[in-house]
Amino acid sequence: MEESEEGEKYEKEPLIKDKKGLTRRQYLAIAGGAIAAAAAGVAAYYLTQPAPKPKKTIRYLGHPFWLPEDGIAEFERTRPNVKVEATYVDFYLVGERQLADPSSWDIGGSGRSRPLVTHKLLKEIPREMAPRWQEGRAIDYFLHADKYFPYEMAKRFDELLWADKERTKLLGVPNMCGWESQNYLPEYLPYEEKGDQVSMSFEELWNPDWKGHVALIDEGFDNFSRFANYLDYHQQMTFSGPISNLTPEEVKAVAEFMRPIFESGQIKSFWSKYGDIVAMMSSKEIWLSVSWVPVSLDCRKAGVPAYHATIVEGPCFWYNLSMLSKQGNPDVYNEAVDLAHFHLELTIQKLYAKQLYTSCAPYWDDLKEAMGKEFFDWFHDGKATYKPIDEIMKEIWPDKPEFWNLPERLQNGLFLPEIYFKHFWTGEPPRTGEPHPRGNKRDLGSIAFKHQITRWFLSPDLPDYNDVYVSKWEELKASIPV
Amino acid sequence: MKILDNLLKIFVIVFIAFIYLPAFLVILLSFEKSSSIALPITGFTLDWYIKKPVGYETPAFISLYYDHRFWDALRNSVYVSFATALLTGLLVTACALALRHRVRGRDVLFYVLLLGFIVPGVMMGLGNTFLYSMLGLEKTFWSVVLINVAYIVPFGLILMMARFDPDLMEYEQAASALKAGPLNVFRTITLPLIRWEVISATIFGFLLSWGELIRTQFMLKGTGTLSVFIYTQLSVYPLTPKWYAAGTLISVIAFIGLAIFAFILSRGPRSR
Amino acid sequence: MNLQEILAKYSKYLLLVPGLIISLFVVIIPLAILIPISFYKYRFPYLIPEFTLDNYIKYLLSERTGTILLNTFGLSTLTCLVCFAVGYPFAYTLAFKIKSPKVRTYITSLLMVPFLIDWSIRTVAWISILGERGLVNYFLITTGLSSTPQKLLFSPIALIIIWLQTYTLFMIFPIYLAMQRIYPDYIWSAQLLRAPPHRVHYEIIFKLSKPGIVTGFIFVFVSTLGDFVTPSLWAGGIQTLGLSIASYAGNYLWPQAAAMSSIMLIITLAALIILIKVGGIKKLVYER
């Protein structure tokens with residue numbers, strides 16, 4: 001069909017003759033220009049994004065908690081032909097990503113490795129390739145779990161770490177570990193921590209004096225295991241297997257025990273992000289919580305006395321590790337093992353120590369030297385500091401004279417190893433002297449003491465009947481009065 | 001009536017104050033001396049903004065200026081959000097325009113497009129991860145953008161469809177009856193009339209993808225966006241006034257950026 | 001010329017293609033992977049690809065499901081209503097009572113700024129306001145209105161306040177846009193015809209902004225459904241469906257998570273369809 005002359009004429013003129021037409025056009029032009037500029041920026045970013053990779057690239061999937069950027073920088077500096085591409089996601093999403101797409105990572109960090117182990121997705125590491133991992137150098141659990149845990153629990157422990165019974169091949173290299181119970185504010189709870197000494201019981205969690213000021217971590221496995229530990233210790237219930245791997249009936253029994261506590265409104269908050277529980281405790285809204293060791297440290301930094309409790313029933317042991325994916329790039333195997341092992345070296349251990357996480361292989365000279373005798377003994381053997389606590393207060397809190405005259409019970413709850421032992425990080429020479437009778441001792445005491453009172457381990461396991469754990473936990477939470 | 005009018009205006013002011021109350025506290029507490037994130041204020045300091053780090057601090061204790069991870073994440077957020085906003089604006093306009101006509105199976109198509117924001121984030125992330133795993137694909141910047149776009153386009157779509165001028169199609173038909181080509185029609189009639197909707201959809205796209213966490217985390221590679229960075233940090237490190245400083249900085253930048261944007265917008269002709 | 005005609009004819013289909021392709025790859029296909037998984041058997045940590053309806057049946061029959069579903073959809077609906085109660089007058093004032101377009105633009109921009117501060121940071125600030133040692137209690141106690149600190153923080157009140165602060169923007173925006181569209185002539189002519197103010201308001205303003213209202217409801221509803229952390233942390237441990245899905249998925253219980261996700265999808269989709277039909281969004285646009 002031919003276009004008539006009229007049609008052509010109309011097409012050439014704008015249909016809307018408006019004085020403001022120009023402004024509108026101009027405005028559209030500006031908008032279009034801005035959009036084009038932005039698009040160009042985006043395209044430029046995208047095009048420059050894949051950096052040239054002449055070196056070997058290791059893909060790390062985890063969290064800076066295990067492998068901080070400073071650690072990566074140091075690793076790349078000392079291994080010039082290797083580059084680490086780190087993808088950091090939320091602590092709780094790491095496992096999902098690792099399991100859902102095992103070919104997208106070469107090395108990963110983990111706190112719950114059971115699914116990966118059972119699906120046989122982990123590459124084995126011969127023990128020789130992890131030279132720090134030796135008898136007498138590593139925390140004893142790793143090499144002799146059967147000495148510390150009941151038989152079946154020890155079996156679960158070994159399954160997660162060793163590919164074989166002879167313990168010659170590792171399934172991952174543990175990096176940090178610790179012992180964990182609960183945190184409390186001594187301004188409200190009338191207890192204190194004095195090193196190798198029990199302070200309170202797990203049942204403080206349902207003491208009605210603290211109603212509405214108690215928080216639990218939002219995970220079924222964690223809580224049910226702790227309650228099972230309590231019930232087992234006080235012989236209120238018997239369990240057929242490890243308390244961290246209950247049968248469905250046992251889970252239900254433990255949940256029934258916990259139900260009245262939830263229904264009474266005793267517990268008002270469930271945390272999953274560390275920052276939130278610190279916020280709640282350091283603002284004194286929560287006085288007692290099942291939470292990680294550094295929570296008390298971060299409360300102290302905010303000027304709130306806090307302790308990690310040495311409960312009668314014993315803390316749990318946990319460790320985290322770096323693992324290699326079987327479906328990862330085989331070309332970077334050696335480099336990835338190197339990186340896994342690098343976590344045990346001083347650079348990264350210095351960061352872990354800030355949160356009082358213990359190295360899985362602490363008995364090496366470089367660590368002892370850098371820590372100095374006072375810190376090393378305080379950290380691992382529960383020995384006292386060389387200065388008494390009231391003097392230490394002046395050192396740690398020079399602009400807070402109100403802290404200098406507090407009772408020692410509260411002063412010890414304000415002790416900050418990061419400041420008192422700062423030579424470890426700054427490189428200054430350590431203090432000399434002898435442990436002072438009124439010196440500070442670390443919460444939960446020495447490793448030897450903890451070996452004695454610890455009856456179970458938490459990470460990186462997951463129970464066999466995890467679906468029951470999860471659904472029962474949901475049920476409990478749903479029974480809280482709104 | 002005057003009383004009612006004034007009451008309403010007061011209400012607006014009160015509500016804005018309410019919205020700004022936490023923001024105000026964020027700004028105030030970013031100067032707090034101790035590492036506590038709650039009132040009372042014990043002292044004022046600029047440390048959380050510009051104190052030189054000593055070494056081995058966790059990001060929660062490194063001042064804003066020296067925390068290059070923060071700046072990397074911020075830059076990523078800007079890129080991702082811009083890209084998402086642009087794509088959202090384009091797609092939403094296209095789909096909304098198309099769905100006006102009696103396209104066959106229109107209802108079904110509409111709801112298919114809506115699925116993106118009904119599927120829970122965790123499942124979307126997981127499903128996409130499985131897909132990438134099955135196809136052996138590596139994740140890139142565009143993986144993040146696309147998953148955000150799929151989530152945000154339905155918002156924009158509904159926004160646009162709720163506001164289309166009912167006479168729009170008549171104008172367009174009139175114009176084509178007058179032998180204007182489709183491109184001309186679009187340029188001179190449609191676009192100016194739906195300008196506000198498109199802009200709103202684009203802005204919404206930007207805002208929503210800025211705070212988007214869960215889907216992004218499944219699809220990202222390397223350094224993440226700002227919200228992922230903060231969320232990841234807070235999952236194992238404490239909240240300190242440093243993060244308030246970050247919030248303050250972002251507010252200030254946003255304030256200035258939006259002020260400029262609003263200024264440009266208000267120069268254009270008004271639609272009633 | 002011919003090309004233009006062809007373009008004109010098929011443009012309506014072509015315009016949909018990019019959106020549909022993205023939807024296909026990012027939403028449909030992943031869903032198609034997940035939905036079969038919801039029918040798998042599960043024996044930790046293995047997914048056994050045998051068909052079973054267990055995941056659905058067990059979930060629907062479980063005693064806690066009723067509470068959780070009620071919590072989830074009830075809270076979201078409540079938030080929608082509260083946001084509407086606040087957002088509608090705000091949008092109305094903004095659209096009709098504030099004459100200067102500059103001021104209106106600045107106010108809308110003002111509303112967006114707090115939104116850009118990351119959620120975690122913004123929410124923690126509420127401890128200083130709602131906590132036992134926060135501003136509100138400080139005010140209540142010093143003025144003697146209350147003798148003991150009120151427990152505001154870990155309760156549904158805190159949740160509504162936090163969600164109000166975050167999501168009212170989503171309600172205001174669409175309603176404001178819809179109100180902006182109303183021809184002032186309608187209002188003037190109604191007033192000319194001596195209609196009483198409340199009738200003017202109801203018949204014209206309210207009814208004509210209905211699509212905007214419904215859009216606001218949809219936005220707030222869907223957004224609050226996706227925010228599962230807030231109720232659990234700040235409202236006293238309220239368990240919602242989104243949290244269940246996240247925790248099941250995080251515990252590698254993917255069939256169950258997928259099953260719950262499908263249920264959530266169906267309910268949400270149903271709610272959306274009802275809202276859209278009620279709001280007449282499609283009617284407004286289609287029926288021409």
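How many residues of chain C are in contact with chain A? The count is 32, and they meet 32 residues of chain A; two residues are in contact if their C-beta atoms, placed from the backbone, lie within 7 Å. The model is predicted: local features need pLDDT of at least 70, side-chain atom pairs count only at pLDDT 80 or more, and totals for chains, interfaces and linings use all residues. Residues are numbered from 1 along each chain as its sequence is written, while chains are lettered from A and ligands numbered from 1 in the order in which they are written.

**Chain C against chain A**
- H13(C) gives the most to this side of chain C, with 5 residues; helices are DSSP runs (H or I, at least four residues), numbered from the N terminus.
- This side of chain C has 16 nonpolar, 12 polar and 4 charged residues. Ala, Val, Leu, Ile, Met, Phe, Trp, Tyr, Cys and Pro count as nonpolar, Asp, Glu, Lys and Arg as charged, and the others, Gly among them, as polar.

**Chain C against chain B**
- Here 82 residues of chain C are in contact with 88 residues of chain B.
- Helix H1 (residues 2-37) of chain C gives the most to the chain C side, with 19 residues.
- That side holds 56 nonpolar, 19 polar and 7 charged residues.

**Nonpolar core**
- In the largest nonpolar core, of 297 residues, B:Cys95, C:Ala91, C:Ala158 and C:Ile245 touch the most other members.
- Such a core is a set of buried Ala, Val, Leu, Ile, Met, Phe, Trp, Tyr and Cys residues joined through C-beta atoms within 7 Å, buried meaning that 20 or more other C-beta atoms lie within 10 Å of a residue's own.
- Helix H8 (residues 156-180) of chain C gives the most to this core, with 17 residues.

How values were computed: Helices (H or I, at least four residues) and strands (E, at least two) are DSSP runs, numbered from the N terminus. A residue is buried if 20 or more other C-beta atoms lie within 10 Å of its own, exposed if 12 or fewer, and partly exposed in between; C-beta atoms are placed from the backbone.
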